[in-house]
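Subject: Structure for your review

Hello,

Please find the structure below. My notes come after it.

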Amino acid sequence: MQQIPLNQREPIFSLNDPKRLIELVNLLLLKSVNSTTKKLLNLSYLLEFLSIISNATIISRESTTSISDVYVEKAISLVNKNFPNISAASLAQMIGLDRSYLGKRFKKVTGMTLQTYLKNYKITQARHLIESTNLSLLEISQRCGYQRVDSLARTFKATYGLTPSDFRLQQKELLTL
């Protein structure tokens, strides 16, 4: 995991087609791990999952570092420092640019919209808290800028294919393998 260039400071990766990633998560959830054969099969799914994320992260970093833009770098830095209380409009205001103009620059440099980046950042932070703490979903929702727990749950399920509770349970089960 330490070799994957994905961390709390830079928690974003971009996939054009997340179908295989979702399929792998579902395969991991469906397979019982009673036998050595099934444990090895699940391990192969997990390694493929990590490989896809690692590759997407590397490609994402290469695309963002190949075109340098001081405003985009400043925006990303401000998101990291002011998360979760930041919106595209407040971000643009802090930088001193029109929101629409910052959005266009951001899309050109990163390949994703500013709104998508903010959404991905929020859900990735929530995922990190779900898998690394015992905080309640209400507290995680509040820390990650979601107004309600069901908003977090809906976004989480759409992103990862699982409810936050099911994801937390899956993580605990993986740790006991």
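Here is what was found, from the overall fold down to single residues.

The model is predicted, not experimental. The protein has nine helices and zero strands, so the pattern along the sequence is α-α-α-α-α-α-α-α-α. Of its 177 residues, 36% are buried. Among contacts with a separation of 6 or more, 62% join residues 24 or more positions apart. The accessible surface comes to about 10,800 Å², and carbon and sulfur atoms hold 53% of that.

Helix α3 (residues 70–82) has 13 residues, which should span 18 Å at 1.5 Å a residue; the C-alpha atoms at its ends are 18 Å apart, in agreement. Its buried residues are V72, A75, L78 and V79. These four lie on the same side of α3, because they cover an arc of only 120° around the axis. They pack against α4 (88–95), α5 (99–110) and α6 (114–132). The face of α3 turned away from that buried side carries V70 and K81, both exposed.

L40 sits in helix α2 (residues 36–66). With a relative accessible area of 52%, L40 is over the 50% cut-off and therefore counts as exposed.

Six salt bridges were counted. Three of them are described here:

- R20 and E23: the closest N and O atoms are 2.3 Å apart. The two residues are three apart in helix α1 (residues 19–30), so about one helical turn separates them. Both are partly exposed, E23 at 41% relative accessibility and R20 at 28%. R20 and E23 also belong to a network of salt bridges that includes E48.
- R127 and E131: the N to O distance is 3.7 Å. This pair is in helix α6, four residues apart, which is about one helical turn. E131 is partly exposed at 35%, whereas R127 is buried, with a relative accessible area of 16%.
- E139 and R143: the closest N and O atoms are 3.1 Å apart. Both residues lie in helix α7 (residues 137–143), four residues apart, about one turn of the helix. E139 has a relative accessible area of 29% and R143 has 43%, so each counts as partly exposed.

Regards

Definitions and conventions: Residues are numbered from 1 along each chain as its sequence is written. This is a predicted model: local features need pLDDT of at least 70, side-chain atom pairs count only at pLDDT 80 or more; totals for chains, interfaces and linings use all residues. Side-chain values use heavy atoms; hydrogens and water are left out. Buried means under 20% relative accessible area, exposed over 50%, partly exposed in between (1.4 Å probe, protein chains only). The expected span of a helix is 1.5 Å times one less than its number of residues. The arc is that of the directions from the helix axis to the C-beta atoms. Contact means heavy atoms within 4.5 Å. Accessible areas come from the Shrake-Rupley method with a 1.4 Å probe; for residues, only the protein chains shown count as cover. A salt bridge is a side-chain nitrogen of Lys or Arg within 4 Å of a carboxyl oxygen of Asp or Glu.
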